[in-house]
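Good morning, and thank you for making time for this presentation. Please have the sequence and the model open before you as I speak.

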Amino acid sequence: MKLTDNFMVLKLTSKNKLFLLKFFFALHYLMAQSLDTPDISMPAGFYYNNFEVEISSINGAQIKYTLDGSDPIHSPTAIIKDSPVLITIDPESTEGNRGKTPGVVLRACTFYNNQFSQSVSRTYIFINKIVELSPEGFKPGADWPAPTKSPNPQFIDYGLAADVVNNPQYKDLIDDAFLSIPTISLVTDLKNLFDLKTGIYMNAMMDGIEWERPASIELIYPDGKKGFQINCGVRIRGGWSRHGDNPKHAFRFFFRNEYGKGKLNYPLFENEGVDEFDKLDLRTSQNYSWSYPGHLSKYNTMNRDVFSRDLQRETGQPYTRSRYYHLFINGVYWGIYQTQERPEASFAQSYFGGNEEDYDVIKPGDNNHQIEATDGNLNAYQEIWNMCLKGFTSNENYFKLLGKNPDGTRNPNYKVLVDIDNLIDFMLIIFYTGNFDSPTSKFGNDNLPNNFFCIYNRNGNEGFKFFIHDAEHTLRTTQGEGPGIGLNENRVNINMYVNNVFGFHPQWLHYKLTSNPEYRILFADHIFKHFFNNGCMTSQKATRLFLLRAAEIDTAIIAESARWGNTNNFISYTQKDWQWAIDDIVNNYFPQRTDIVLNQLKNANLYPNINPPIYKTSNNEITDKFITVEPGTKIKLVNPDVTKGTIKYTIDGTDPRAIGGAINISAKDGGNEVELTINSTTVIKSRILNGTTWSALNEITLFTGNNDNLKLTEIHYHPLDNDTINNDEYEFIELKNCGDSPINLSNAYFSSGIQYTFPPNTIINPKQFLILASNRKEFNNRYGFYPYGEYKGKLDNGGETLNLLTATNDTIFSFTYDDTTPWPAEADGTGYSLVANDINGSGNMNDPSYWRISYSIHGSPGKDDLPVSIKDRTIKNDFKLFHNYPNPFNPKTIITYKISDACKVELKIYDVLGNEIATLINEYKLPGTYRIEFSASKYQLSSGVYFYQLRAGNKIDTKKMLFIK
């Protein structure tokens, strides 16, 4: 192997490449831990005037810094000075080997006795210099490759088009364009990108760990809001777009301990998503973009893919989130990009719970289009393929796919292999958007899988979930370059050929499933939900969703047009052209597409030719799925065509249609019209039955607001862990119906604290409980039964607010807990849960006096918390030394112990050699639970493993703890 300036080129077997690269950067990281990073006086951001920045260190360390983007730790252009260092930040200065670029990149580390800290980066963008220092066709600096339109190896282009920045319509809006969305700054040694042999931009078709390079990224907000800076690995992202004739590549960032931090901890998507990531895509429009060659550039919206993934969210399915950003590379503007979550194992763990190792992630390969497992294995995917070979004509095979018996009841001995509702919504998005490049590609005569992810939890009961991905060949209004035909694109009826599991994709599964009547009627139900009554695939709703995203970049697009608008056009495309492409879809696609696809679905026998009943109140049709009404409200069910069949309906949550097509025994006959009086929260499900043909299902939930008796009666926010499972995997909350009538929580949801939406027909009967847990598998391991549901997110050990809302956004309760007095502090990490003092939940949940600690360690989920016998309590609780928290810790940790008898107590700290470090307690104590804070800095500890030992009377217990300095 050969060590270059920035990275290792590994001429080894692929088995060893990842290990050795990780080893190299781990060594780099460990060597850099002995010194603190330097303090840089000015934050990254947007500036107008030159200024001075001070870089300083502590303990006499020197400063190494660069201004050309290279990492100062090993850069030959690094400048070494004694601390503090004053540097003038001037975009026109070429000091430190930098070019004249509107963004000045400062990277620095501390340096002492051949040891160095991690490097930190700050990017200063001079908003008033972007145009001046980015002339069309310029070369940013000596180390940048020369501009060239030759794609061998790579088309290179810089600068802002004069016909945009000097255009009277736009020249006064350039600054606004750059300040209208946040900016990401990518900083790395230019060789990492542009070296002819080893640069990832110049060799964009290459992939894998050996084509990952160290870099820094910063998130910079124009309003000064705090972003982040993190060192990471960067690779090129994409499939066909990697070719050298495309000058604007996309990126993928990897957050690893080898670079400094193993996770990016930042709320990239605010309250919409998680705030911890181990990888992240920075994608950009490739097809239908101004930068990509081809006459389809005029259709650039930068919104086709994002819209499709947003639409998956609107169907109620899991999806990947995005935000728009400007990108600067080493101070040079590179255009508009968008973040996208990568739907792999870490994503699944974040949103679905469990462990990363539990998940299979399946996708087509970027280059060979063969199905591969990027996480886990293909075993479960192979099982589905084998079932496709057998076919789904019989209910036995169809329901087995769903983990059920032939009569539709759950069989715990069967795996749930497919989330069937997710599959249906996935396919409807493909059909509605006219996506001819996923999940099989028209470019390959529909014989190749392409552009999708699917995720399966081997320890779960939800089955494979399918994710929209790279949906750029969508929303076409006219035929153009490529195989698309425009507005009338028909992806419902296509000729496919699949002959092995490596070509198997979700549309083939859908095709095989259509032979089953139960699947077809369920598919029809989803069509009615999304294509009618203000569903997300109606013209009005789809248009609104599309325009909401377009509005985010309607000013920023001016900067994109200046950067890439003339790449493949003699005269630059402008904001006006972008607006034309937006209007083309709004005016010509959405108004017609719903009916076009509905007819395609009818022709495929996926939607019946009879319409479901209509709901009315006071002779006004109700099109919402969830409404709040006063008790006593009259609701009419009306047959829209009295010549076709009669109404069948239920109010007990079941389907009027029984499996096999018969009438459900609990269904009522409504004739052509029936009126119901609503006195309590009610779910009405209705269909029209015409001979043997059933309509789609029309379901409505009517809330009467009688949720006052729903109480939180237990919350376990800081459980005990065990030797292998982290404590937050044992969290749970308990809801109880403390009243005398059922409570319907259908589609109610937690809007803060945790994320969970109750499924339809969630009923809590009087005096019954409902448990939600952070990890259903670990909950079952500890308590011997599965919770009702598994929420996303974690309960805050320091206290937070939980808001539960109805489907119509009315508050059921808003509850805030705390971990300090007057709240029962023993619930914070000692093993006890918070439980209601009164088992019937009387009082105010937000009052600390409403709560006490549980009688038993680990609480009592699913039942009233009653005193255990004295014998049981003595055996279980008389003497206990708990795990410290946090663990690992820096600089302080909490140690908790419990004794039941008055006795002398000693609590001591030892190192791994058995040397006593400290005596924390040496005195008599009365019965009770105690907490003590231990500060490592007080005893000047170095990083490592330590032990704490409790002696209480004649009993001894010892536990280990980890201190990381």
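This is a predicted model: local features need pLDDT of at least 70, side-chain atom pairs count only at pLDDT 80 or more; totals for chains, interfaces and linings use all residues.

Helix α13, residues 557-564, is largely enclosed by the rest of the structure, because 8 of its 8 residues are buried. The buried residues of α13 are Ile557, Ile558, Ala559, Glu560, Ser561, Ala562, Arg563 and Trp564. What lies over them? The cover of these buried residues includes the helices α2 (162-165), α3 (174-179) and α14 (575-588). It also includes two strands, β19 (322-329) and β20 (332-340).

How many of the 11 residues of helix α5 are buried? In α5, which runs over residues 304-314, the number is 9 of 11, so this helix too is largely enclosed by the rest of the structure. The buried residues are Arg304, Asp305, Val306, Phe307, Ser308, Arg309, Asp310, Leu311 and Gln312. Just after α5 comes Gly316, with a positive phi of about 95°.

Is Thr183 buried or exposed? Its relative accessibility is 0%, and a residue under 20% counts as buried, so Thr183 is buried. Which residues does Thr183 touch, if we leave aside its neighbours within four places in sequence? Its contacts are Phe46, Ile125, Phe178, Glu218, Leu219, Ile220, Tyr325, His326 and Phe328.

Next, the packing of helices. Two packed helices are described by the angle between their axes and by the distance between those axes. For α11 (residues 517-531) and α15 (residues 590-603), the angle is about 170° and the axes are 12 Å apart. The two helices are therefore roughly antiparallel. On the α11 side, the contact is made by Phe523, Ile527 and Phe531. On the α15 side, Thr594, Val597, Leu598 and Leu601 take part. Sorted by class, this contact has 6 nonpolar residues, 1 polar residue and no charged residues.

I now come to the empty spaces. Rolling a probe the size of a water molecule over the atoms shows where empty space is left. A search of the whole structure finds 7 cavities of 30 Å³ or more. The second largest cavity has a volume of about 110 Å³. Which residues line the second largest cavity? Its lining consists of Lys263, Val274, Glu276, Phe277, Asp278, Lys279, Glu341, Arg342, Ser346, Phe347, Ser350 and Tyr351. Two elements, β17 (276-277) and α6 (345-352), each supply at least two residues of this lining. The most comes from α6, with 4 residues. By class, the lining of this cavity divides into 4 nonpolar, 2 polar and 6 charged residues.

The largest share, 4 residues, comes from β14. The lining of this pocket has 22 nonpolar, 18 polar and 8 charged residues.

Finally, some points about the backbone. Most residues other than glycine have a negative phi, and most peptide bonds are trans. Asn113 is not a glycine, yet it has a positive phi of about 55°. Asn113 sits in the loop between β9 and β10 (115-116), and it is exposed, with a relative accessible area of 60%. Asp446, again not a glycine, has a positive phi of about 60°. This residue lies in the loop between α9 (420-433) and β23 (452-457). Asp446 counts as buried, at 8% relative accessibility.

Where are the cis peptide bonds that I wish to show you? One joins Thr821 and Pro822, with omega about 15°. Pro822 is in the loop between β44 (811-816) and β45 (834-836). Another joins Asn890 and Pro891, with omega about 5°. Pro891 is found in the loop between β47 (879-881) and β48 (892-899).

Thank you for your attention.

Notes
Residues are numbered from 1 along each chain as its sequence is written. Side-chain values use heavy atoms; hydrogens and water are left out. On a 1 Å grid over the protein atoms alone, a cavity is a set of points where a 1.4 Å probe fits but cannot get out, and a pocket is an open set with protein on both sides within 12 Å along at least five of seven lines; lining residues have an atom within 4 Å of a point. Grid points are joined across faces, edges and corners, and a volume is the space filled by probe spheres set on the points. Ala, Val, Leu, Ile, Met, Phe, Trp, Tyr, Cys and Pro count as nonpolar, Asp, Glu, Lys and Arg as charged, and the others, Gly among them, as polar. Buried means under 20% relative accessible area, exposed over 50%, partly exposed in between (1.4 Å probe, protein chains only). Contact means heavy atoms within 4.5 Å. Axes are lines fitted to C-alpha atoms, for helices over the stretch in contact, and angles run from 0 to 180 degrees between N-to-C directions. Angles under 35 degrees count as roughly parallel, over 145 as roughly antiparallel, 65 to 115 as roughly perpendicular and the rest as oblique.
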